[in-house]
Amino acid sequence: MTEMTDQTARLPAAVQEFVLRWGDMGNQWGVNRSVAQIQALLYLSDHPLTAEDIADQLGLARSNVSNSIRELITWKLVRRVPVLGDRRDHYEAEADLWQILTRIAQGRKEREVDPAVAAIHRALKAADADPTLSKVARARLDEMQAFLSTLDTWFSQMLTVPPSTLMRLIKLGSRVVNLLNLGRRGAA
């Protein structure tokens, strides 16, 4: 567990619960627990916090907070903001849920989908030069390339869809599948 101490007792119970659960969820997604907890604390904060405030409230080492903030700034989930009369750096989280989702999705695409697309491209080049490659292996590489290409295209398209349109699409839920199936029945 992260270095949570009695300092967290100053946090309201709902904030503490959200910070802990967000940290767990981030950890399951491959994000450092402290990074996720800091983003959660800043997201719920009604004013910008200093790194010292964050370290105190979460019971984390100051160096851990500094490194985590740098990562969050890289993801554009946290930004440095000036506070009149205070020379220290203050931080606030992106509060727009669609911006958060978009930035996380973009980051995951860059870190996971793009390298997979590049890897399958390299594998197919090697396959072109290898006469000993079986037909089954070649067919599966082609199938994987088609799948990754479709996934890459879909990711890129979804990142450009306006949030209001995405929300309408999400609310449609399984009705979208039913519409697609209706089109298939008509073609049969």
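This is a predicted model: local features need pLDDT of at least 70, side-chain atom pairs count only at pLDDT 80 or more; totals for chains, interfaces and linings use all residues.

Q: Is G23 buried or exposed?
A: Buried means under 20% relative accessible area. G23 comes out at 0%, so it is buried.

Q: Which residues does G23 touch, once its neighbours within four places in sequence are left aside?
A: R33, A36 and Q37 are the contacts of G23.

Q: Where does Q39 lie, and what is it in contact with?
A: Q39 belongs to helix α2. Its relative accessibility is 5%, so Q39 counts as buried. Neighbours within four places aside, Q39 is in contact with W22, L72, L77, A93 and I100.

Q: What about other residues of that helix, say S34 and L41?
A: S34 is in helix α2, which covers residues 33-44, and it is buried at 5% relative accessible area. For a separation across the model, take S34 and Q145: they are 111 residues apart along the chain, and their C-alpha atoms are separated by 36 Å. L41 is in helix α2 too, and is buried, with a relative accessible area of 3%.

Q: Which residues does L41 touch?
A: Not counting residues up to four places away in sequence, L41 touches L11, V15, V19, L49, I54, Q57 and L58. One of these, L11, lies 30 residues from L41 along the chain, with 9.5 Å between the two C-alpha atoms.

Q: Let's turn to aromatic rings. How should I describe a pair?
A: You give the distance of the centres and the angle of the planes. A search of the whole structure here turns up three aromatic pairs. One of them is F18 with W22, a stacked pair at 5.3 Å centre to centre and 25° between the planes.

Q: Where do F18 and W22 lie?
A: Both are in helix α1, residues 13-28, and they are four residues apart, about one turn of the helix. F18 is partly exposed, with a relative accessible area of 27%, and W22 is partly exposed as well, at 25%. F18 also forms a pair with Y43, and that one is tilted: 6.4 Å between centres and 35° between the planes. This second pair links distant parts of the chain, with F18 in helix α1 and Y43 in helix α2, 25 residues apart. Y43 counts as partly exposed, at 27% relative accessibility.

Q: Which residues make up the aromatic cluster?
A: F18, W22 and Y43 form one cluster.

Q: Now backbone angles. What should I look for in phi?
A: Most residues other than glycine have a negative phi. Here you can look at K76, a residue other than glycine whose phi is positive, near 60°. K76 is in the loop between α4 (62-74) and β2 (78-83). With 55% relative accessibility, K76 counts as exposed.

Q: Zooming out, how many helices and strands does the chain have?
A: Eight helices and three strands. Along the sequence the order is α-α-β-α-α-β-β-α-α-α-α. The radius of gyration is 22 Å, well over the 16 Å that the globule rule gives for 188 residues, so the chain is more spread out than a compact globule.

Q: What box do the C-alpha atoms fill?
A: Roughly 65 × 45 × 30 Å, taken along the principal axes.

Q: How do burial and contacts look over the whole chain?
A: Of the 188 residues, 28% count as buried. For contacts between residues at least 6 apart in sequence, 56% join residues at least 24 apart.

Q: And what about the surface and the charges?
A: The accessible surface is about 12300 Å², and carbon and sulfur atoms account for 57% of it. The chain carries 24 positive and 22 negative side chains, and the centres of the two sets are 7 Å apart.

Conventions: Residues are numbered from 1 along each chain as its sequence is written. Side-chain values use heavy atoms; hydrogens and water are left out. Helices (H or I, at least four residues) and strands (E, at least two) are DSSP runs, numbered from the N terminus. The radius of gyration is taken over C-alpha atoms; the globule rule is 2.2 Å times the number of residues to the power 0.38. Buried means under 20% relative accessible area, exposed over 50%, partly exposed in between (1.4 Å probe, protein chains only). Contact means heavy atoms within 4.5 Å. Accessible areas come from the Shrake-Rupley method with a 1.4 Å probe; for residues, only the protein chains shown count as cover. Lys and Arg count as positive and Asp and Glu as negative; His and the chain ends are not counted. The place of a charge is taken as NZ of Lys, CZ of Arg, CG of Asp or CD of Glu. Rings of Phe, Tyr and Trp (its six-membered ring) pair if their centres lie within 6.5 Å; planes under 30 degrees apart count as stacked, over 60 as edge-to-face and the rest as tilted.
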